[in-house]
Structures are given as structure tokens and as C-alpha cells.
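Please brief me on this protein chain. Keep it short and group the points by topic.

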Amino acid sequence: MIFPGGKHHTKRVTLLVLGLFIIATTSLTFLGLASPGWLILLTAPIISVALVGRHAAYLTLTVSLLISISLGYLHSAGHLQTNTLNYDHHTENWLNWMVMTFALLFSGTACITLTEHLRTQWEASNIALYKQHDQMHALVEYAPEAILIYDMDLGCFITSNTRAEQILGYSREELMQAITPKISPPFQPDGRRSRAAVSTYLRQTLAGEFPVFEWQFENKNGDMLDCEVSLARLPPLDRKLIRASVVEISARKAEIKERAKIQEQLAVSQKLEAVGKLTGGVAHDFNNLLAVTLGNLELLRDEIDDEQHKQLIEKGIAATLRGSDLTRNMLAFARKASLEPSPIDINLVVQETKNWISRTLPATISVNTSLLDGLWLVEADPSATESALLNLILNAQDAMPNGGKLTIETANIIIDKNYIDARQEELPPGRYVMLAVSDTGEGIPPEIVPDIFEPFFSTKAPGGNSGLGLSMVHGFMRQSNGTVQVYSEPGIGTTFKLFFKVAASSSEADARPEAEPETTNHTARRILLAEDNASVLEVLIQTLQKAGYVVTAAPSGDAAKEIFEADPHFDLLITDIVMPGRLLGTGLAAELRSLAPDLPVIFMSGYASEAAVHGNGLRPEDIRLMKPVQRTDLFAAIQKALGQGTDSLDTGHG
């Protein structure tokens with residue numbers, strides 16, 4: 001065993017043992033101090049084995065034996081004399097010296113063996129303790145979490161590892177100062193005082209509990225870190241030592257938040273898909289019913305001269321069109337509405353709307369506008385845009401039953417990076433035009449803000465509205481590659497902001513001319529009409545024949561193909577998209593065009609998503625109409641398809 005001090009230590013022990021030998025020899029030789037002398041000779045090997053080692057002890061014992069034998073011989077031979085009679089009488093017999101020597105030998109050997117055994121055990125215990133200490137140090141030092149040991153009596157940390165330095169930003173020396181640095185903010189995110197909460201957790205730990213909790217730390221740079229902390233009491237129990245294991249969970253919480261956001265987006269997407277399927281199916285059948293009603297009313301109007309009867313018919317037509325608008329609103333929420341986007345100036349839409357809406361609003365509501373000069377053009381459906389603005393104005397009116405101020409603003413907005421709106425929907429970077437409608441009304445309670453865009457959700461009395469207004473606005477904006485946001489404070493007011501994607505072209509949108517019903521005779525124009533709904537088919541036949549077209553009707557795509565193969569001399573194909581049998585409208589168009597490549601086609605559907613299908617027989621120039629179709633739109637589409645209309649006349653949509 002090597003002790004601190006090295007060679008100097010060995011020299012000091014050697015001198016000590018040598019001095020003991022001299023003292024023992026002198027006392028035994030001249031002073032007659034037999035007991036102390038023998039005790040010293042016996043003690044020297046013990047000191048050697050304890051301080052140097054077994055080999056040094058046996059060397060010391062050998063020297064002690066040589067001293068004993070030499071003194072025995074010298075005294076027995078009479079070469080050494082002593083004045084002590086008892087000692088002289090004792091030393092005259094050499095056998096006594098032999099007994100003393102053997103006693104010294106056995107007792108010294110026994111002492112050396114015992115002491116060596118004790119020393120070996122002590123060394124082994126120390127080595128095991130050092131190994132255990134090194135292992136514990138390695139476990140603490142290289143642990144993935146931060147570990148700190150806090151002494152409650154001292155009021156400071158007494159141990160920390162590298163991970164603690166990395167997380168908190170303080171060195172070990174700084175952490176273990178008498179005054180512990182500030183590593184927690186005054187208050188935790190849940191509103192608790194940090195000091196009071198820590199005291200509670202420490203008391204629980206001293207009572208034998210193992211509290212695990214989330215905690216917010218403040219590092220040396222002042223950044224807040226979300227962590228998970230577990231506490232445990234360490235031995236010895238006469239000291240108040242608390243071990244704190246700290247795991248930073250900022251990344252984990254961000255991942256959980258991101259996962260929740262994705263799940264929310266998925267839920268919204270699934271809900272929209274389900275509602276879209278429902279509304280699309282309803283729209284398909286409902287629009288067929290409306291088409292029958294509208295067509296018959298328009299035919300009946302032409303046959304009646306009585307003005308009162310005509311007024312009743314006009315009211316019926318208006319109600320039918322309102323039913324069609326309700327269906328379109330439902331489809332707008334599901335983002336399946338039939339839109340006809342074109343470059344428009346939002347300022348013009350606002351001005352035109354204000355001109356007539358101001359006369360319908362109560363006198364207690366003042367309308368102000370703040371319209372930006374040089375506003376960019378946007379790509380949107382003009383009618384749907386005006387309808388969305390009207391919905392927001394009417395909502396603002398309902399929010400101000402006692403009067404107030406309504407403000408409409410426009411602005412150019414540039415979004416530099418992907419933007420996630422309040423409904424967790426992404427808005428790509430680019431240029432946008434913002435249309436804001438603000439009121440000074442009652443505001444919206446925060447707990448219902450997430451629900452206001454849901455279909456049929458309304459805070460008004462039953463029968464007050466359909467509950468589709470805002471959902472239609474939201475669906476229209478998302479279908480137009482924009483978004484809608486709401487900002488509201490109860491008692492102060494509400495602002496709805498619409499973000500429109502800027503049009504690729506900055507030119508002014510041309511006004512769409514009104515198409516007048518065709519009354520001329522088109523005996524040379526033959527139309528092949530394919531429609532599976534018998535009522536819709538009958539109305540279309542009467543409408544087209546009355547306009548002078550020669551109509552050949554088919555109840556399915558398969559039947560229409562057989563008719564065309566028998567007589568391919570048709571000027572136009574008008575077909576529904578969804579029909580029973582093998583051939584849908586798109587397939588019918590493709591097969592007929594294989595026989596007559598230049599055949600123009602008009603597609604009709606009550607299911608808007610069907611009309612948005614490209615390919616499979618559809619060409620960019622093909623016209624797509626959504627049922628119910630008014631006569632003016634139908635005749636304008638026929639004119640365009642037959643080459644009689646202008647290029648700017650667009651009754652279809654992309």
C-alpha cells in the first residue's frame with residue numbers, strides 16, 4: 001500500500017522503527033527495563049505492518065529476534081552485566097532468553113498476521129468504497145437528466161452534474177454557492193408562487209414521498225425552460241439531502257402541441273369531408289327538384305297574361321332561387337360550391353354594397369369606410385364575395401341592437417412565410433387583400449368563438465337565421481385560397497377579416513353582360529340532351545324547344561351514345577355528369593368525340609364537385625353549369641358553345 005508522502009513517508013517510518021530498536025536495546029542492555037524493552041520490540045513490527053506493510057513488519061520482527069538472541073547470548077556468556085539482581089538472576093539462564101525469544105516470535109507473528117489482516121480488509125473496503133464512489137459519480141455525471149443535490153440545512157446545492165450546467169447555464173461553482181442563483185421565475189405558469197410550491201414539494205420529500213411535477217426554470221440567459229422534476233431524499237437520514245432529477249420537456253411539449261394541432265386539422269378535414277358528402281348528395285337531389293320547379297314556373301310565366309298570376313309566379317321563382325342559394329351556402333361550407341372566380345376590385349364591391357345596404361340598416365347604425373387607394377385586384381367570385389360581405393354586415397347589425405358604428409376597411413397585405421390561421425389552416429406566402437368589417441356591438445364570448453363557423457350554429461333565437469352565414473363565408477374564403485379571421489372583445493366589438501389571394505393579372509375585370517332569352521328560331525341547331533332525371537329532362541326539352549332548338553333526349557349516357565351512333569349530325573351535347581349505366585357524362589363526351597372530335601359539350605350537375613372534374617372527356621373550353629340553371633345562363637352557354645357568344649361570356653367555371 002502506498003500512502004501519501006511516498007519515499008519520505010517510508011524514511012520517516014524507518015527512522016521511527018530504528019529509534020524504537022535503539023531504545024529497546026539500550027533499556028534491555030543497560031537499564032534493565034525488561035518489560036518496556038520487550039514491549040517496544042513487540043510494538044515495532046506492529047507499527048511497521050500498519051504503516052508500511054507486511055514485508056517491512058517481518059523485517060522488523062527479524063531484527064527484534066536478532067536483538068533478543070544477541071542479548072541472550074551476551075548475558076548468558078557474561079559479556080553483559082546488570083545491576084538489577086532479579087534481572088541478573090533471570091538473564092543468567094539462557095533458557096529464559098530462548099523462551100523470551102520464542103514468545104516474541106509467536107506473539108510478533110500473531111500481531112503481524114492480525115494487523116495485516118485488518119489492514120488488508122481496510123484497504124479492500126477503501127478500494128470497494130472508491131469504486132462505488134466512482135460508479136456513482138459516473139452515473140450522476142453522465143446521466144441524461146440534470147441531477148442536483150440540495151442540502152436543506154446549508155440552503156444550497158452541494159452536487160450537480162454536467163447536464164445541469166447545460167440546462168441551467170450556470171457552472172457547478174455558481175450552483176454550489178452559499179447563495180443559490182435564481183433558477184426559477186417568481187411564478188409558475190399555473191399561477192403558483194415558485195417559493196411556496198418548492199417548500200411544499202420539499203416537505204413531501206422529507207416525509208418519504210417521491211413527488212414528480214412539471215416546473216419552469218429560468219436559465220442564466222433569462223430563457224424559460226419547461227422541465228419535469230422528480231425529488232427523493234438521500235441518506236444519511238440525519239442530514240436533509242434532497243436529490244432533484246430534472247428533464248427538459250420543452251421539445252416534448254412542442255411535439256405534443258404539434259401532434260394535437262395535426263389531429264385537430266385532421267378532425268376538421270374529416271368533418272368537412274363528411275359534411276361535403278352529405279351536402280353534395282343533398283344538393284344533387286335538391287337541385288334537381290328546384291330545376292323542375294324553376295323550369296315549370298318559367299314556362300308557366302310565358303303562358304299567362306294575368307299580372308297577378310305572373311306576380312305569384314315571380315314569387316315562386318324567387319323562392320326557388322333562394323332555395324338554390326341555401327344549397328350553395330351549404331356547399332360553400334363544404335368547399336364544394338360552384339364558383340366563377342375572376343379579377344375583381346374589392347373596393348368596388350364595398351362601395352356598391354354600401355350604396356344599397358346603408359338604406360336598409362337602422363338609422364342608429366352609422367357606416368364608415370376606409371378604402372385603400374391602389375388596392376390590388378383579387379381572384380374571387382363576385383357574387384359570392386358580395387354575399388360574404390353582406391353576411392358580415394348583417395351579423396354586425398344583429399350585434400348592435402341599440403345602434404353603433406360599422407366600419408369597412410381594405411388593405412394590401414404581404415405574408416412572407418407560411419401562416420396558420422386561427423382555425424389551424426395554412427395560408428401560403430404571397431400577396432393578399434384584407435377586407436375587414438368591424439362593429440361596436442356586444443362582442444362574442446370567448447368560449448363560443450371556436451364554434452361560430454360551424455354549420456347551423458347560431459346564438460340567435462330559433463328561426464332567426466339558418467346558421468349557415470358564417471360557415472358559408474368561411475367555406476367560400478378557403479375555397480378561394482384565402483381565410484377569415486375573427487377578433488372580438490365582449491362589450492367592445494368584433495372584427496371579421498377576410499384575406500383574398502391577389503389576382504395574377506392586375507387588369508380590371510370585365511363586367512359580365514346579361515344574356516337575354518333566345519326567342520329566335522334555330523331549326524338548324526340540333527341538341528342531344530342526356531339527363532337521367534325525368535322531370536328535369538322534361539323541363540329542359542320544353543325550354544329548348546320553345547327557343548327553337550331541335551332536341552333529342554336520352555335518359556342515360558348509354559342511350560345517348562346509341563342515338564348518336566345512329567345519327568351523328570348533332571351540333572351540341574348537353575349532358576348531366578352523374579347518370580346510371582356504364583357512361584357518365586364525361587365518358588359519354590369522350591366516346592362521342594372519338595366519332596366527332598369537334599363536338600361542343602355543356603356539362604350540368606347538381607353536385608358541384610362533379611362539375612369540377614377535369615379530364616375524362618372534359619376540355620378547358622367546355623362549359624360547366626350547376627343546377628338549377630336559369631334560362632338566361634343556359635342560352636348564354638349554348639351561344640358560347642356554338643360560337644355565337646363572345647369570349648368574355650363565361651357561364652362556366654374552372
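Asparagine 481 sits in the loop between helix H13 (469-479) and strand S13 (483-489). Helices (H or I, at least four residues) and strands (E, at least two) are DSSP runs, numbered from the N terminus. The model is predicted: local features need pLDDT of at least 70, side-chain atom pairs count only at pLDDT 80 or more, and totals for chains, interfaces and linings use all residues. Residues are numbered from 1 along each chain as its sequence is written, and side-chain values use heavy atoms, with hydrogens and water left out.

- Asparagine 481 has a positive phi of about 65°, although it is not a glycine.
- Most residues other than glycine have a negative phi, and most peptide bonds are trans.
- Asparagine 481 counts as exposed because its relative accessibility is 54%. Here buried means under 20% relative accessible area, exposed over 50%, and partly exposed in between (1.4 Å probe, protein chains only).
- Proline 235 and proline 236 are joined by a cis peptide bond, with omega about 0°.
- Proline 236 belongs to the loop between strand S4 (224-234) and strand S5 (241-248).

**The chain as a whole**

- The chain has 18 helices and 19 strands.
- Of its 654 residues, 43% are buried.
- Contact means heavy atoms within 4.5 Å. Among contacts with a separation of 6 or more, 65% are between residues 24 or more positions apart.
- The accessible surface of the chain is about 34400 Å², and 58% of this belongs to carbon and sulfur atoms. Such areas come from the Shrake-Rupley method with a 1.4 Å probe; for residues, only the protein chains shown count as cover.

**Confidence**

- pLDDT is the predictor's confidence in each residue, from 0 to 100.
- The chain averages a pLDDT of 76, and 70% of the residues score at least 70.
- Among the elements, S15 has the highest mean pLDDT (93) and helix H17 (residues 608-611) the lowest (41).
- Over residues 420-424 pLDDT stays under 50; the model has 12 contacts beyond four places in sequence for them.
- Over residues 607-615 pLDDT also stays under 50. The model has 22 contacts beyond four places in sequence for that stretch.
- Where pLDDT is low, the predicted coordinates should not be read in detail.

**Strand S1 and its partners**

- Strand S1 (residues 146-151) is mostly covered, with 5 of its 6 residues buried.
- S1 and S5 run antiparallel and are joined by 6 bridges. Two strands pair if DSSP finds at least two bridges between them.
- S1 and strand S2 (residues 156-160) also run antiparallel, with 4 bridges.
- Tyrosine 150 stands opposite isoleucine 242 in S5. In S2, its bridge partner is phenylalanine 157.
- S1 and S2 form a hairpin with 4 residues between them. Glycine 155 in the turn has a positive phi of about 75°.

**Aromatic rings**

- The count is 5 aromatic pairs. Rings of Phe, Tyr and Trp (its six-membered ring) pair if their centres lie within 6.5 Å; planes under 30 degrees apart count as stacked, over 60 as edge-to-face and the rest as tilted.
- Tyrosine 201 and tryptophan 215 form an edge-to-face pair, 6.4 Å centre to centre with 80° between the planes.
- Tyrosine 201 lies in helix H8 (residues 194-206) and tryptophan 215 in strand S3 (residues 212-218), so the pair ties together parts 14 residues apart in sequence.
- Phenylalanine 213 and tryptophan 215 are edge-to-face too: 5.8 Å centre to centre, 80° between the planes.
- Ring pairs link Tyr201, Phe213 and Trp215 into a cluster.
- Tyrosine 201 and tryptophan 215 are both buried. Phenylalanine 213 counts as buried at 10% relative accessibility.

**Charges over rings**

- The charged end of arginine 431 sits over the ring of tryptophan 376, 4.6 Å from its centre. The rule asks for NZ of Lys or CZ of Arg within 6 Å of the ring centre and within 35 degrees of the ring normal.
- Arginine 526 lies over the face of phenylalanine 570, at 4.3 Å from the ring centre.

**Threonine 494**

- Threonine 494 is found in strand S14 (residues 493-501). It is buried, with a relative accessible area of 4%.
- Threonine 494 and glycine 441 are 53 residues apart in sequence, but 7.0 Å apart in space, C-alpha to C-alpha.
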